[in-house]
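Colleague: I would like to go through this model with you, one chain and its contact at a time. Shall we start once it is on the screen?

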Amino acid sequence: MNTVNRTAGEYAHHFENADHEFETSKFGIWLFLCTEVLMFGGLFVAYFLFSNLYPETFVEGAKYLDWKYGAINTAVLLLSSFTMVLGIYYAQNNNTKKCVTSLSITLVCGFIFMFIKYLEYAHKIEMGLLPGEMFSFAEAQSSNLGLYFSVYYMMTGLHGSHVLVGMGLIFWCILRARKGEFNSKYYTPIECVGLFWHLVDLIWIYLFPLLYLID
Amino acid sequence: MSAHNIVPFHVYRNVLLALLALTVLTVLVAKPVSGFDAGIFNFVIAMAIASVKAGLVLAFFMQLKYDNKLFLVIIVSTVFFLALLFGICTIDILTRPALTSTL
């Protein structure tokens, strides 16, 4: 197990000081986020090319999405990003209680987001608005409407799975924060989980207009 | 700049308010919602608003404005590789002979 007591300002021996360790951890996370953007990038390319090849299909597909759900989810994610930075802010100010509260609100926002996503998915699955070959919605105008839903489920599904992973990581941060492991000298895990959570928010910022608001 | 920069609370609050306001704006200028139509610029406007929001999240929530500028280099290279991915795939699709294309 970890024998370095970072809460007390200690750091691994191969770093010059605790700040050096902190910066190096963040550098690693930023590199990881780069690979995440490129993974999502493949799906954005698919969206971009298919929507240019079959504009009518994409406009028709977007009609079966309710922008109100998308808008609520955007607000929920933005709020959760705000409470995430507050978690770091209160850790920096040695306020463990408010740090735990902020992170807990972030986690609740994650649950709300996934619940709304569940409502949307359930409605579409019931209508037969499914990806590719599974598509079975009788009133489709475009013959390849299943293509839109392949893109839709892949993009929102990969994004949703990131939300779930983020929620697990935030829960881990809450448990550690409750034990008093974070203070102004050491809060690296919250900072790094925060960066990941903001990336998930960033991707949704683009997904919302692309999937819900096209004409 | 210290590695542990503490940003004042009101900065985060103002950024959140700006992000929510921009979300309302995105919805208001969307054709399916309001009927507002700027032709081919609809897409450009939506992406421009999204990019301003992304910039705010990156600069303040992700601390880029205050942080080690090395992280900015990673982001610029990410955008560069993303542009390559988009560019090369687009060239591929646009230059395929229609008759032999399986798309």
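Modeller: Domain bounds here come from an automatic or database domain assignment. The model is a predicted one.

Colleague: Into which domains is chain B divided, and how far apart do their C-alpha centres lie?

Modeller: Domain 1 of chain B covers 1-67, and domain 2 covers 68-103. The distance between the C-alpha centres of these two domains is 24 Å.

Colleague: Which pattern does chain B follow along the sequence?

Modeller: Chain B has four helices and zero strands. Read along the sequence, that gives α-α-α-α.

Colleague: Why is chain B more spread out than a compact globule?

Modeller: The C-alpha atoms of chain B fill a box of roughly 60 × 40 × 15 Å along the principal axes. For 103 residues the globule rule gives 13 Å, and chain B is well over this, so it is more spread out than a compact globule, with a radius of gyration of 19 Å.

Colleague: What share of the residues in chain B is buried?

Modeller: Buried here requires 20 or more other C-beta atoms within 10 Å of the residue's own. Of the 103 residues in chain B, those that are buried make up 17%.

Colleague: Which helix of chain B gives the most to the side that touches chain A?

Modeller: The contact takes 35 residues from chain A and 36 residues from chain B. On the chain B side, helix 1 (9-28), helix 2 (31-34), helix 3 (41-61) and helix 4 (70-94) each supply at least two residues. With eleven residues, the one that gives the most is helix 4.

Colleague: How do the residues of that side of chain B divide into nonpolar, polar and charged?

Modeller: Taking the side of chain B that touches chain A, two residues are charged and seven are polar. The nonpolar residues there number 27.

Key. Residues numbered from 1 in each chain as written. Chains lettered and ligands numbered in written order. Predicted model: local features only at pLDDT ≥ 70, side-chain atom pairs only at ≥ 80, totals over all residues. Contact = placed C-beta atoms within 7 Å. Nonpolar A, V, L, I, M, F, W, Y, C, P; charged D, E, K, R; others polar. Rg over C-alpha atoms; globule rule 2.2 N^0.38 Å. Buried ≥ 20, exposed ≤ 12 C-beta atoms within 10 Å, placed from the backbone.
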